Amino acid sequence: MSRLYDTVEPAVIDEEMLKKAVEEQGPKEEAGKIAKQEGIDFGDVLSLRLDFLNILKIDNLWEFTKLTKLQLDNNIIEKIEGLESLVNLVWLDLSFNNIEVIDNLDSLTKLEDLTLYSNRISTIENMDSLLNLHVLSLGRNQLTDLENLRYLRRFKNLKTLNLSDNPFCKQDEYKQYVIAFLSNLEFLDYRLVDQQSRDAAIEKYQVSRDEMLHNEKQAEIKKEDETKRQQELEKHKNAYVELMNGPDLFEQMYAEDKEGQKLNEMPGLEDQLHSFKEKFMQICTQIFDFGIAEHEKREEEVKSFWECVEEAKQDNKRLGMVHIDEFTETKKRMLLEMSQMSDHKMVEQYARDYNDKIQVLWDKLMGLELQLVDQLEEVIKEFERNMQDMVGTFVENVQALLSQCRDLENNHHEKMMEIAIVTLEKVIKNELDDEISDDLKMLLVDKDTIINAVSSSHDVHLLKIDNKEDDIVTRINQSLKNLIEQIHQDEEITRNRMRVSEINNLIDHLREEMDNLEVMQN
Amino acid sequence: MDSSEMNEGEIHQIDSDDVIKEEDETENEEGEDLTEDAEALKAELAKIVVHPPSYEQSLMEEFDQAEFSPSYKDNLPKENLVLQYAENFRRQMVQLYRDRKPLFLNPVNECGVEKFVCTTIRPTLLEFKELYNWDGAAEFVADYLNIEPLKPEYELPKRLISPSTVLKRQKGNCFEYSTLLCSLLIGAGYDAYVISGYATKETCLADESRDICPLLKKKEEVQEEARKKEMKKYNVKPPRDLRSKFELKQESKKEAEKQAEKEKQRKEEEERIAELEKPPPDPYFGLRIHAWVLVLSGKREVPENFFIEPFTGLSHPMDSSNYLGIESVWNNVNYWVNMQDCSEGVKGLSFDLGDSTVWEFMFPNNDKPLLKIPDAEDDLNDMDDDEDDEEHEVEKYLDMPPSWVDALKLSHRDFQMRCPHGKKTKVYKRAKLEKFAHYLMKDGLISRLSVYEDRELTDLMKVHEYYAHRSDKLTQKLTNHRTGQVCENFDPGRPRCLKEHQFKSSTPGPENERVMIFYHEARVDGLVKREETQTEMTEEYSNRDDFLFYKYVEFGKRAKKFGPQETSSANKGRPINKMIQKFHRNRNKPANEDIAEIIFHVAEDKIHISYHTEDVRIAASTREFLKPPNWDEKGAVLTFNPEMHQTFQVDPMLPMNKQVELYEMLMELLKAEEKCRNEVRDSQNEVRNILDDRTKEEAASELDISVYDTERNEKAKKHRRELERQQLEEKMRKQEMDIDYLAPFLAKIGNPEKLSKQQAFSLKEECLADLKQRLIDKANLIQARFEKESQELEKKQAWYQQNQVSMGKEDEEEYLTYCKEAIFRIHILDLRLTRHKEQAPHKYMQLEQKLRNDERLSEFF
C-alpha cells in the first residue's frame with residue numbers, strides 16, 4: 001500500500017533523525033548514560049530502525065559501515081539507493097514503500113534476509129550478487145510473469161519465499177510452478193512445502209524441468225572446465241611457459257606474417273612445413289616440461305625457506321615469552337613484598353631493583369631480536385643466492401632451447417628460399433602444374449620480390465621467437481626481484497620495527513606502572 | 001607410625017582377610033604417637049612369632065579303585081610290550097653307562113599298575129579360551145594345583161598319578177604338574193615335552209621369596225628417542241656460544257668423575273645386598289630332582305625354545321640358572337635321554353632331539369626328522385650306518401600305544417574357582433600375593449599384593465588390591481601404608497565418570513587433599529582432573545567449546561560464626577579468595593580480544609585479564625578492572641568511571657576502547673565471576689556427592705553378574721526354570737487333547753450332557769462297528785490292489801510269451817525290470833495284508849478297552 005504524497009510531508013534522513021534513532025535504540029540504563037556522555041559513533045552501530053518516518057530518499061547512511069540490520073519499512077521510498085557502503089548488511093527491510101525497480105543491491109553480498117513486501121515491483125532482477133540469500137519476501141507487488149521466477153534459481157540457499165498477493169497468484173498453476181522450479185524451497189507463502197506437494201509439482205513439470213536442469217548442468221560443467229583451464233593456465237604462467245605445450249608460438253609466428261601464409265601455399269612445401277612444425281613443437285614441449293619442472297623446484301625451495309623462517313621466528317618468540325613470563329612472576333612477587341613493607345628506604349631500594357630488572361628484560365628481549373635479525377639476514381641471503389642460481393639455470397636452458405628454435409627457423413628459411421626460387425622458375429617457364437592463388441602469383445613475379453617476401457617472413461618469425469625469449473626472461477627476473485624485495489621489506493624491516501616498538505612499548509608500560517605505584521605510595 | 005604398622009602387618013599375616021578392614025579402621029583411629037611403654041610392648045610382641053605345625057602326610061595315598069576305568073587297572077598287550085621294551089632300554093642304559101642315575105620310565109599309577117610315562121600324557125584341548133595359549137595354561141596349572149614336594153627330594157617318585165586324577169584332587173608333585181601341563185600344551189598344538197632333571201632348592205620347593213614378584217617388575221619402558229629435528233636447508237644457525245670451551249670441558253670432566261664415583265658406590269651397595277640375600281648353601285645342591293616343561297620352537301608360532309616352570313607358570317630362558325641338569329625328555333610319542341654334559345647346568349645344551357649323538361631316543365619311529373642334512377661327502381661315509389639304521393627301524397618298529405588316561409575334564413565352575421578352594425597365597429621377595437576366585441569374596445576382591453619393607457614380611461609398605469565385577473566399577477586400590485595415600489581406579493561407566501581417586505586415608509572427608517581423574521570424554525563439562533588441597537582446588541578440562549582448560553580456586557578460612565547461624569548461605573562453603581581461569585586460543589577471534597587468563601581477585605574486588613599474544617608478537621595485552629563498590633547488591637545500578645579500568649595494549653596504535661564497551665565488558669565479567677563461583681560450588685558439591693557415594697558403595701559392595709553368566713545369574717535361572725515349567729505344562733495339555741473316538745458318534749445324537757444306558761450301549765456298538773467296517777475295508781482295499789497288480793503281471797507275462805521272439809534286447813530288459821518291480825509290489829501287498837490281518841483284532845480289542853475305560857461310558861460297564 002502506498003501512502004499518498006500530498007497528505008504527509010516527506011522527510012529526509014538527516015543527522016538529527018539518525019542521532020535520535022541511534023540513541024533510542026542504543027544501550028539502555030547506565031550504559032546508555034555513559035554512551036550518551038561519550039557520544040555514539042555511527043560506525044559502531046550494528047542495527048538501525050528507521051520506520052514510519054515518511055522517508056522519501058535513502059541517504060546519509062554511508063557512515064554506518066558495521067551495520068548488519070537495517071529497517072526502512074513503512075516509508076515512501078521510491079528507489080533503492082545509498083546503501084552501497086553498508087557491505088556488512090545481513091538483514092534489510094524495505095517493506096511498505098513505493099519501490100518500483102530492484103536495483104543497487106550489488107555491493108550487499110552478505111545479505112541473507114531481504115524484505116520488499118508491498119511495493120510496486122514488476123520484475124525480479126538485479127540481484128545477481130546476493131548469493132547468500134535465505135529469506136526473500138516479494139509479496140504484494142506487481143509481479144505478473146511466472147517465467148521471471150526462474151531468476152530465483154541462482155540462490156542455492158533460498159529456503160523461505162513469499163510471493164503472495166501478486167497478480168500471477170491468481171493463475172491456477174502458480175503454486176505448483178514455483179515449487180517445481182524452486183525445489184529447494186522449504187517455506188512458500190507462510191506455509192511449509194511438504195514432500196507430497198513437491199513430488200506432485202515436479203511430476204507435473206517434469207519435461208520442462210528436466211530440460212532446464214540439463215541445461216544448467218551443462219552450463220555448470222562448462223564453467224567448471226573453464227575455471228580449470230584458467231587455473232592450469234595460471235599455473236603455467238607462474239612457471240613462465242604458458243601456451244608452450246601447444247602450437248601457440250608456432251601459430252603466432254605466422255599470425256602477423258601474411259606473406260609467409262601466402263608463401264606456404266607454394267607447391268612442394270607441405271612436407272617441409274610439416275616436419276618444420278613438428279620439430280618446432282617438440283622443442284616447445286621441451287621448454288614447457290622443463291619450465292614446469294623448474295617451477296616446482298622453485299616452489300619447493302620457497303616453501304622450505306618459509307618453513308624455516310617461520311620456525312626460527314617461533315623459537316625466538318617462545319624465548320621472548322619465557323623472559324616476559326619470568327619477569328611477570330618476579331614483578332608480582334616484588335610488588336607483594338613492597339606492599340607489605342613499611343620502611344621507606346627499603347621501598348626505594350626495591351623500586352631501584354625493579355627498574356634494574358626492567359632494564360635487564362629490555363636487554364634480553366633486544367638481544368633476542370638482534371639475534372633473530374642476524375639469523376634471518378643470513379638465511380635470506382642464502383635463499384636469494386640459491387633462487388638466483390635457479391633462475392639463472394632456467395633462463396640459460398630456455399635460451400638454449402629457443403636458439404634451437406632459431407636454428408630450425410634458419411634451416412626452414414633456406415629451404416623456403418630454394419623452393420621459392422624453384423617455383424619462381426617454374427612459374428616463369430609456365431611449367432607449374434597446380435593452380436596457385438592470386439596472392440601468391442603477385443609474389444611470384446620476379447626474384448627480388450619473392451626473396452624479399454621470404455626473408456621478411458623469416459624476420460617476423462625470428463622476431464617472435466626473440467619476443468618470447470625476452471618475455472620469459474624479463475618476467476622471471478622481475479618476479480624474483482619482487483619476491484626478494486618483499487622478503488627484505490617484510491621480514492627484515494617491517495618485522496624488526498614492529499618488534500622493537502613492541503618491546504619499547506612494553507618496557508615503557510612497566511616503568512610507568514612502577515612510577516604510578518610510587519606516586520600512590522607517596 | 002612404623003612400629004604400629006609393623007604390628008598391623010603381623011596381624012594381617014596371621015588373621016584371615018576379613019579382619020583387615022577392621023584393622024585399617026582401628027589404625028585410622030589410633031593416634032600416631034606411641035608411648036615408650038607401648039613401644040616396648042610392641043618390640044616384645046614382635047619377638048613372638050607363631051609357626052603353625054605342619055603334619056606329614058603319608059606318602060602313598062590310597063585311592064578308591066572303583067572309580068577308575070579298566071585302562072587304569074590293567075595293561076593292554078601293547079602296553080606290556082612297550083613296558084618290556086622300556087625295561088630292555090633301561091637295562092641297556094645301565095649296562096652302557098654304569099654311573100648314570102636311573103631313568104624315570106615306568107612308575108606305577110594310582111592303581112598300582114606300571115605305566116610307561118609317555119602314555120600318561122593325554123593331549124587335551126579344553127574348551128576354555130584362556131588355556132589355548134601357553135602362558136594361560138601354565139598359569140592355570142600353577143594356580144589350580146597345590147604343590148606336594150618330592151620325598152626324599154633326591155629320589156625319583158615311585159608313583160605318577162594320571163593327569164585326570166591330578167585335576168580332581170588338585171595337588172601333585174612336579175612330575176604330575178608337568179605331565180598335566182604338557183597334556184594341555186600338546187593338546188593346544190605346542191611342541192611340548194616333560195623334562196626330568198635337577199634344579200635348585202628354590203625351584204623344587206617353589207620358593208619364590210627370593211624373586212621379585214612378576215606384578216612388581218617394571219615394564220621396560222620403550223622410550224623412543226625424540227626424533228631428531230630434520231635438518232632443513234634454511235635452518236637458522238644457533239646463536240654463537242660465547243662460553244669458554246676449556247672451562248666447559250673441565251666441568252664435564254668433573255661431572256663425569258662424580259658420576260663414576262656414584263655409580264661405583266651404587267654397584268658396591270648392590271653387590272653387598274646381593275651377597276646378603278643369597279640363599280644359604282644347600283647340601284643337596286645338584287641332586288634335587290625336578291620336572292618341568294620344555295617348549296620347542298616351530299609350532300604355534302613359537303619363535304624360540306623356552307622352559308616353563310610348572311609350579312609358578314612362568315617361562316624361563318634356555319640358560320636359566322634355576323635348572324641344573326637334564327636326565328631325560330619325553331612327550332606322548334617318544335622318550336629321549338640326554339647324552340650331553342650338564343656340569344654347567346642347562347646352559348648351552350642342544351635341543352635338537354633328532355641328533356642322536358646328543359639325544360638317545362628310545363623308539364626308532366622318531367617323528368623328529370633328522371634335522372642335520374648331511375653333506376654329500378658325509379653321506380658317502382655314513383652310508384653303511386644309515387642302512388643299518390633303516391634295517392633296525394623295519395625290524396623293531398613299535399609305535400606308542402594310546403594314552404591309558406581318561407579324557408581330561410574340567411567343569412566351568414572348577415575352572416573359575418581357579419585355585420583349590422578358590423584361594424592361593426604366594427610369597428615373593430618382600431611381597432605377598434593372595435589370589436581369590438572371582439565372586440568368591442563378597443567385595444569382589446580377586447587378588448591382593450602386599451609389599452613389605454623387609455624380607456621377613458613384617459613391615460608392611462603398601463597393599464595393591466584388584467577387584468572384579470564390582471557394581472561400583474572399582475578395579476584397583478593401592479594403599480600406601482607409609483604415606484597413608486590411597487589410590488582407587490575405576491572402570492568407565494560410573495555416574496560422574498570417575499576414573500581415579502587419590503586421597504589420604506587419614507582424611508577421607510571433603511575439603512582435603514585429593515586428586516580425582518575423570519573419563520573426560522564422557523563428561524559434558526570435559527573435566528579431566530580435579531586436584532584439591534585444604535585451601536586450593538585446581539581443575540583441568542579438555543575439548544571445551546569455550547576453550548577453558550584450567551581453573552584454579554583459592555579458598556579463604558571459614559569465617560568463625562558466633563551465636564546462631566545467620567544465613568543459610570554462610571553454611572554453604574568456604575569463602576573464595578581468588579579464582580583463575582585459563583583459556584586456549586580461539587582462532588576465530590583476534591588475539592587481542594581473545595582472553596587467555598582471567599584472575600578474579602575476589603578478596604580485593606579486582607578482575608585481571610590477560611589476552612593471548614598475537615602470532616607476531618611476544619607480549620600480551622592486559623586489562624584490570626576494579627569492581628564497582630555496590631556490585632553485589634541485587635538490582636542496584638552499577639556506576640562506572642574511567643579510573644576503575646587500567647589496560648596495557650601491546651599495539652599502541654589501536655584505537656582506545658569506548659567507555660560503553662568497557663562498561664559492558666565489566667558487566668560481562670561480573671556475570672562470568674558469578675558463573676565461575678557457582679561452578680566452584682557445584683564442583684565442591686560434586687566432590688561431596690562422590691565421596692558420599694563411595695562410602696555407600698564401600699558399605700554395600702555389590703557385585704555385578706553378567707547376563708551371560710548362567711550359573712550365577714539368579715534372575716536368569718528363575719526365568720529358565722519358568723520356561724521349563726511352561727514347556728511341561730504345554731506337554732501335559734497336549735496329552736489331554738488326545739483324539740476322541742466318540743466325538744463323531746456323540747455329534748450324531750446331538751452331544752447330550754448325560755448319556756443314558758441305551759445311548760451308551762448303542763454308542764459303543766456303533767463305534768466298534770465303525771472300526772470293524774474300516775478294518776475290513778482296508779483289508780479289501782489291499783486285496784483289490786493285490787489282485788490288480790497280479791492281473792497286470794499276468795497280462796504282461798502273456799504278452800511277453802507271445803512276442804518273445806520278435807523282441808529286441810532293450811524291450812526284454814524293460815520287461816524284466818517291470819517284472820521284478822511288480823513282484824516286489826505284490827510281495828509287499830501280501831505282507832501288508834497278513835500284517836493287517838494279524839493286527840486288526842488287536843486294534844479292535846484296544847478300542848473296546850479304551851471305550852470301556854472312557855469316563856463317559858465307564859459308568860455303564
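Let me start with chain B, where Tyr85(B), Phe104(B), Phe116(B), Phe175(B), Trp330(B), Tyr335(B) and Phe363(B) form one aromatic cluster. Before going on, please keep in mind that this is a predicted model.

Phe104(B) and Phe175(B) make a tilted aromatic pair, with 4.4 Å between the ring centres and 35° between the planes. What does this pair tie together? Phe104(B) belongs to the loop between α5 (77-96) and α6 (117-120) of chain B, while Phe175(B) belongs to helix α9 (residues 174-187) of chain B, so the contact links parts that are 71 residues apart in sequence. Phe104(B) and Phe175(B) are both buried.

In chain B, 7 strands form an open sheet in the order β6-β5-β4-β3-β7-β8-β9, and the pairing is antiparallel. Which strands are at the edges? They are β6 (314-316) and β9 (359-361) of chain B, each of which pairs on one side only. On average, and ignoring direction, neighbouring strands in this sheet are turned by 35° against each other. Helix α9(B) packs on the sheet and touches β3, β4, β5 and β7 of chain B. The direction of α9(B) makes about 15° with that of β4(B).

Now to strand β3 of chain B, residues 191-199. With strand β4 (residues 289-296) of chain B, β3(B) pairs in the antiparallel sense over 8 bridges. In that pairing, Ile195(B) stands opposite Trp292(B) of β4(B). With strand β7 (residues 323-330) of chain B, β3(B) is joined by 6 bridges, again antiparallel. There Val194(B) stands opposite Trp330(B) of β7(B), and Trp330(B) is one of the residues in the aromatic cluster I began with.

Ile308(B) stands opposite Ser315(B) in β6(B).

Two lysines in chain B sit over rings. The charged end of Lys582(B) is over the ring of Tyr550(B), 4.5 Å from its centre. Lys796(B) lies over the face of Tyr818(B), at 4.9 Å from the ring centre.

Over to chain A. Helix α3 (residues 174-181) and helix α4 (residues 195-204) of chain A pack at an angle of about 90°, with their axes 8 Å apart. The two helices α3(A) and α4(A) are therefore roughly perpendicular to each other. From α3(A), the contact uses Gln176(A), Ile179(A) and Ala180(A). From α4(A), the residues include Ser197(A), Arg198(A), Ala200(A) and Ile202(A).

Last, aromatic pairs over the whole structure. A search across all chains finds 37 of them. One is Phe276(A) with Phe280(A), a tilted pair at 5.8 Å centre to centre and 55° between the planes. Both residues lie in helix α8 (residues 270-340) of chain A, 4 residues apart, which is about one turn of the helix.

How values were computed
Residues numbered from 1 in each chain as written. Chains lettered and ligands numbered in written order. Predicted model: local features only at pLDDT ≥ 70, side-chain atom pairs only at ≥ 80, totals over all residues. Heavy atoms only, no water. Phe/Tyr/Trp six-rings, centres within 6.5 Å; stacked < 30°, edge-to-face > 60°. Buried < 20%, exposed > 50% of the residue type's maximum accessible area, 1.4 Å probe, protein only. Lys NZ or Arg CZ within 6 Å of the ring centre and 35° of its normal. Pairing = 2+ DSSP bridges. Axes fitted to C-alpha atoms, helices over the stretch in contact; angles between N-to-C directions. Parallel < 35°, antiparallel > 145°, perpendicular 65-115°, else oblique. Contact = heavy atoms within 4.5 Å.
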